[in-house]
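Today I am going through a model for its salt bridges and ring pairs.

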Amino acid sequence: MADPLPSKRSSTMTALTATPVSIDFHGARIPTFNVEGVIRVAMKPICDAIGLQWEAQFKRIKRHPVLSTCMSMMDIQLPGQQQRRRFITLPLNKLNGWLFGIDTSRVKPAARERLVEYQAECFEVLNDYWQHGGAENPRFTTIDDRKPLNRAVRTLANLRSAQGESADYAGMWKLVNGYLGLAHIEDATPAQVDRAMVFVQESIERETQKIIEGDYLARQALPVEPQPPAQPAIHYPMSAWPEINQQLAHDWANDLPTAYPNRHWVKARHLHGESAPSPTLRLLGQLKNAGFDVSCCEAEVLAMRHHIGQADSTRQEVERLMARTHSLPVTA
């Protein structure tokens with residue numbers, strides 16, 4: 001939408017025609033012009049970029065005793081558009097006067113931060129473009145700043161290609177941009193360029209090491225000596241027994257304490273039967289799985305558990321028979 005035309009001054013203002021030079025500032029394209037040596041700035045795009053209401057600002061310019069005398073209409077054909085549009089412009093050297101005349105406390109909160117940002121940078125950026133041939137933003141980097149990183153990225157691409165990997169120059173830049181979380185390296189700050197350089201250099205070191213190791217192994221081709229099987233981790237502290245043997249754990253939790261600290265009674269029922277698993281048999285099982293022949297040890301433990309079970313069964317039968325005689329019971 002074109003600028004509204006001034007109601008009283010339209011008969012005295014001439015619509016000049018010029019080709020704009022659009023300067024990118026914070027993602028907005030600001031049209032500027034050189035008209036007979038006077039640099040002029042289109043005002044509505046700046047208001048739109050900040051979030052200010054153009055109609056209100058246009059009225060403020062018309063009321064201003066200085067700005068109203070130097071505003072001019074420009075017929076502008078913006079890039080990519082077929083028809084010309086008419087914009088109100090101000091000389092570049094008056095832009096800061098208009099910008100700093102806006103009361104930040106009276107604009108909407110959504111536009112306030114951007115207005116302050118423009119007040120801090122806009123005039124300087126536009127002025128540097130026309131006076132010095134370009135405007136640099138210290139938050140970002142130039143092509144010269146990124147030359148060492150460019151060389152490092154090309155080296156990384158060459159190293160990967162030398163190993164038969166699919167890695168072109170553009171692909172390496174995608175890797176770097178993805179690491180930084182950027183769409184383009186041109187958006188990188190100096191600190192991000194430094195991070196990218198460390199990332200690429202570490203990648204180069206890894207790729208170089210892979211080439212060196214691969215070349216060494218190819219030349220040596222030494223047979224690999226068989227390694228002995230890993231030894232099982234065998235640890236059976238006293239605390240493991242009640243963890244394995246639930247009958248033992250129950251009795252120890254309810255037994256009266258012995259005369260010796262940290263000692264418990266071990267009874268026949270703790271040493272046989274399915275309700276009293278053996279930590280010794282578990283240990284022998286680990287050794288068998290590791291390749292050791294422990295068959296005689298296993299046979300001995302099984303035999304002892306069998307005889308303990310028989311003896312305990314006999315004891316229980318004797319107790320039952322003696323109980324019938326109304327004599328004192330026999331206990332283990």
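I start with the rule for a salt bridge: a side-chain nitrogen of Lys or Arg within 4 Å of a carboxyl oxygen of Asp or Glu. I looked up Glu317 under that rule and found a salt bridge with Arg320, the closest N and O atoms being 2.2 Å apart.

Ground rules before going on. This is a predicted model, where local features need pLDDT of at least 70 and side-chain atom pairs count only at pLDDT 80 or more, while totals for chains, interfaces and linings use all residues. I number residues from 1 along each chain as its sequence is written, and side-chain values use heavy atoms, with hydrogens and water left out.

**Entry: overview**

I get 12 helices and six strands for the protein; these are DSSP runs numbered from the N terminus, helices being H or I with at least four residues and strands E with at least two. Of its 332 residues, 31% count as buried. For that word I use under 20% relative accessible area, with exposed meaning over 50% and partly exposed in between (1.4 Å probe, protein chains only). The accessible surface comes to about 21600 Å², and 54% of that belongs to carbon and sulfur atoms; the areas are from the Shrake-Rupley method with a 1.4 Å probe, and for residues only the protein chains shown count as cover. I also checked contacts (heavy atoms within 4.5 Å). Among those with a separation of 6 or more, 57% are between residues 24 or more positions apart.

**Entry: salt bridges**

How many salt bridges does the count come to? I get six.

Back to Glu317 and Arg320 for their setting. Both sit in helix α12, three residues apart, about one turn of the helix. Glu317 is partly exposed at 34% relative accessible area, and Arg320 is partly exposed too, at 37%.

Is Asp312 buried or exposed? Asp312 is buried, with a relative accessible area of 5%, whereas Arg315 is partly exposed at 24%. I noted as well that Asp312, Arg315 and Glu319 are linked in a network of salt bridges.

Next I looked at helix α1 (residues 43-50), which holds both Asp48 and Lys44, four residues apart, about one turn of the helix. Their side chains form a salt bridge at 3.0 Å, N to O. Here Lys44 is buried at 12% relative accessible area, and Asp48 is partly exposed at 44%.

**Entry: aromatic pairs**

I find three aromatic pairs in the structure. Rings of Phe, Tyr and Trp (its six-membered ring) pair if their centres lie within 6.5 Å; planes under 30 degrees apart count as stacked, over 60 as edge-to-face and the rest as tilted.

Why does the pair of Trp54 and Phe58 count as tilted? The ring centres are 5.5 Å apart and the planes are at 35°, so the pair is tilted. Both residues lie in helix α2 (residues 54-63), four residues apart, and both are buried.

Tyr179 and Phe199 make a stacked pair, 4.1 Å centre to centre with 10° between the planes. This one links distant parts of the chain, as Tyr179 is in helix α7 (residues 169-180) and Phe199 in helix α8 (residues 190-220), 20 residues apart. I put Tyr179 down as partly exposed at 37% relative accessibility and Phe199 as buried at 17%.
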